[in-house]
Amino acid sequence: MDPAAAASGGARTERPVRHGAVLAVTCLALATVVAAMASLNVALPDIARETHASQTDLSWIIAAYSLVFASLLLFAGTLGDRFGRRRALLGGLALFAAASLGATFTTHPGALIALRAVLGLAAAFVMPATLSTITSTFPREQRARAVSVWAAVAGASAVIGLLAAGAALEAWSWRSVFWLNVVLAGIALAGTLAVVPESAEPGRRGIDLVGAALTVVGLGALVYSVIEAPDHGWGAPRTLAGIGIGLVVLAGFVGWELRRTDPLLDPRLFRHPHLSAGALSVALQFFGFFGFTFVLMQYLQLVRGDSALVAAVSALPMAAVMIPSTRLSPVLTARFGARGPWVLGLLAVAAGLAVLALLDADSAYGHLLAGLLPLGAGMGLAMTPATAAITDTLPARLQNVGSAVNDLSRELGSALGIAVLSSVLASTYRSDLVVTGLPAPLAGTARSSLAAAYALGDPALIARARDAFVSGMQLALLAGAAAAVLAALAVAFLLRQRAGQGRPLAR
């Protein structure tokens with residue numbers, strides 16, 4: 001039997017596995033769905049102007065993707081493990097291309113939100129299949145290097161997506177971002193057909209429909225309430241009730257999973273400190289990172305007045321340091337242990353976000369660069385040990401679970417980061433914007449978003465709106481920095497045991 005087939009739970013292949021080609025194709029598929037999460041951020045000002053989307057609408061356009069992505073990751077990963085990861089990649093990429101094509105014809109924010117949700121569904125099948133394909137087809141001695149490449153692509157794709165979208169927006173409308181999705185998904189689909197072997201674990205796990213439903217309802221109620229809080233008030237009964245319902249349902253999910261023999265995700269796994277540290281670190285890193293991306297692209301274009309391409313290029317130094325630091329991380333970990341480089345990376349993320357939180361309307365690019373460099377380097381240093389802590393903790397028979405934990409942590413952190421930080425931004429913007437003397441309809445328009453305030457054409461109002469937006473951005477980025485500090489403290493605590501403790505779970 002082919003070694004790759006044996007590692008994948010018994011699935012057979014008819015030809016030798018070309019590991020380099022498999023890694024390239026799975027990383028392209030990963031880059032496609034990760035870039036889509038971030039690339040649309042650079043088009044938000046154009047979308048707001050053309051579709052008249054409010055700040056809350058913009059939050060939903062971005063968050064709908066991450067919310068559905070996170071909610072269905074475990075369920076989609078289970079289906080892929082049972083019926084075939086290659087099939088999951090093919091179906092997910094085809095749906096991703098189709099939904100992106102549909103989005104190029106939309107003119108209303110509601111339709112765009114719905115199609116972004118469909119994209120999230122497609123991505124939920126693609127992303128877990130990429131990492132579990134790697135861990136099930138690569139020999140153990142090559143797996144760490146392959147995972148480090150996967151982690152580098154996962155981290156850098158967001159910024160590269162921003163750059164590609166910014167370049168496209170120089171010549172075309174925001175719809176070009178979705179055309180980019182179509183092209184990338186099509187190439188990845190062809191590559192999957194050509195080189196990716198099938199791997200599956202048929203019959204080994206049941207399909208937990210109740211657990212999947214609880215995940216969708218719990219996360220949906222929680223994120224919906226957070227995003228809508230600026231419209232209804234953080235202390236409003238509907239906001240508090242929605243957050244409470246979401247938390248209760250998620251607690252019910254944990255209780256349900258504890259009673260099942262084949263859970264979507266066994267909560268008992270988190271008793272292992274290394275796995276818990278990895279999951280928490282990934283979630284809080286991406287909480288800050290994607291919330292920051294949502295805020296930054298609007299700041300650069302609407303406050304500083306940069307074009308879409310200049311805004312995207314401005315963020316490129318972050319990726320330039322993230323990629324080498326991701327590759328350096330395994331070397332530092334092998335020499336000094338995981339705890340030091342990992343915690344240092346998280347503190348660098350916090351420092352970068354704290355520096356960026358000091359930006360104002362007149363800040364020079366050097367100030368922006370001073371925050372982007374530690375942010376990118378810190379993300380690279382912390383990402384690889386966090387991912388390795390999750391996958392290396394689990395035996396070969398549970399590598400699909402490790403992939404699910406890593407992906408869920410990332411997407412859940414992203415969804416909550418976009419929801420929370422965009423909500424902080426919107427709440428502060430609306431409370432700080434002075435609209436005294438404006439008729440009620442115009443005041444409502446100005447409060448809906450900074451792009452809408454610009455459209456009213458009043459220079460004094462625009463100046464006040466810019467200041468209010470910057471205040472919201474500063475508070476949001478400080479919240480992201482606090483999340484990174486919390487992650488560093490948690491990792492330092494969970495990895496405090498000496499060598500020999502916290503060993504991988506029994507095989």
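A residue is called buried when its relative accessible area is under 20%, exposed when over 50% and partly exposed in between (1.4 Å probe, protein chains only). The model toured here is predicted, with local features requiring pLDDT of at least 70 and side-chain atom pairs pLDDT 80 or more, while totals for chains, interfaces and linings use all residues. Residues are numbered from 1 along each chain as its sequence is written, and side-chain values use heavy atoms, leaving out hydrogens and water.

Select Phe 289 and Phe 290 to begin; both are buried. Colour Phe 286, Phe 289, Phe 290 and Phe 292 together: ring pairs join these residues into a cluster. Rings of Phe, Tyr and Trp (its six-membered ring) pair if their centres lie within 6.5 Å, and count as stacked with planes under 30 degrees apart, edge-to-face over 60 and tilted for the rest.

The structure holds seven aromatic pairs. Among them, select Trp 60 and Tyr 224, a tilted pair at 5.8 Å centre to centre with 40° between the planes. Trp 60 belongs to helix 4 (residues 55-83) and Tyr 224 to helix 9 (residues 209-232), so the pair ties together parts 164 residues apart in sequence. Helices here are DSSP runs (H or I, at least four residues), numbered from the N terminus. Trp 60 is buried at 12% relative accessibility, whereas Tyr 224 is partly exposed at 37%.

Next, display helix 2 (residues 19-39) and helix 8 (residues 175-195), whose axes come within 9 Å and cross at roughly 160°. Axes are lines fitted to C-alpha atoms over the stretch in contact, with angles from 0 to 180 degrees between N-to-C directions.

Technical notes. Helix = DSSP H or I, 4+ residues; strand = E, 2+ residues; numbered from the N terminus.
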